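Please keep the sequence and the structure in view while reading.

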Amino acid sequence: QVQLVESGGGLVQAGGSLRLSCAASGSIFRINAMGWYRQAPGKQRELVAHISSGGSIAYADSVKGRFTISRDNAKNTVYLQMNSLKPEDTAVYYCNGAITIQGNLVPYNYWGQGTQVTVSS
């Protein structure tokens, strides 16, 4: 099986920064795309940033220029550097990975447990 474990969330004032990490572990054969999603109270989960196995990156319009996604393939880890945080960035942030486990041929979607990010005004 595969586990995704996020860390780095917390409480920060508007304008501040946080760095989220997500480490994948388990019987991993290959990690394809990885991404960060967030869900605010009363809202649907939304894509924040996405990075493919080849390094192609996409961001939600609301975070462009403020957030940076990166990955360390040797560590099976994806990061989200969040700068110039705003109160509307407050949400639970979830890591997602399209991962092929050993012995399988196709990737499956795995989710982390989520980490709370709260931005005070």
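In which strand is the place of Phe-67? Phe-67 belongs to strand S7, which covers residues 67–72. The model described here is predicted.

## Overall architecture

The protein chain contains 11 strands and 0 helices. Read from the N terminus, its elements therefore follow the order β-β-β-β-β-β-β-β-β-β-β, and the radius of gyration is 14 Å, close to the 14 Å that the globule rule gives for 121 residues, so the chain is as compact as a globular protein of that length.

The C-alpha trace spans about 50 × 25 × 25 Å along its principal axes. Among contacts between residues at least 6 apart in sequence, 56% join residues at least 24 apart.

## Surface and charge

Of the 121 residues in the protein chain, 43% count as buried. The accessible surface amounts to about 6300 Å², and carbon and sulfur atoms account for 49% of that area.

The chain carries 10 positive and 6 negative side chains. The centres of these two sets lie 4 Å apart.

Is Phe-67 buried or exposed? Phe-67 has a relative accessible area of 2%; because the cut-off for a buried residue is under 20%, Phe-67 counts as buried.

Leaving aside neighbours within four places in sequence, Phe-67 is in contact with Arg-38, Val-48, Tyr-59, Leu-80, Gln-81, Met-82, Asn-83, Leu-85, Asp-89 and Tyr-93.

Asn-96 is found in strand S9, which comprises residues 91–101. Its relative accessible area is 7%, so Asn-96 is buried.

Which residue's side chain makes a polar contact with the side chain of Asn-96? The partner is Asn-109, at 3.3 Å. The side chain of Asn-96 also reaches the backbone oxygen of Tyr-110, at 3.4 Å. Apart from neighbours within four places in sequence, the residues in contact with Asn-96 are Leu-4, Ala-33, Met-34, Gly-35, Tyr-37, Asn-109, Tyr-110 and Trp-111.

Key: Residues numbered from 1 in each chain as written. Predicted model: local features only at pLDDT ≥ 70, side-chain atom pairs only at ≥ 80, totals over all residues. Heavy atoms only, no water. Helix = DSSP H or I, 4+ residues; strand = E, 2+ residues; numbered from the N terminus. Rg over C-alpha atoms; globule rule 2.2 N^0.38 Å. Buried < 20%, exposed > 50% of the residue type's maximum accessible area, 1.4 Å probe, protein only. Contact = heavy atoms within 4.5 Å. Areas by Shrake-Rupley, 256 points an atom, 1.4 Å probe, with all protein chains shown as cover. Lys, Arg positive; Asp, Glu negative; His and termini not counted. Charge placed at Lys NZ, Arg CZ, Asp CG, Glu CD. Polar contact = N/O pair within 3.5 Å; in protein donor to acceptor, adjacent residues only side chain to side chain.
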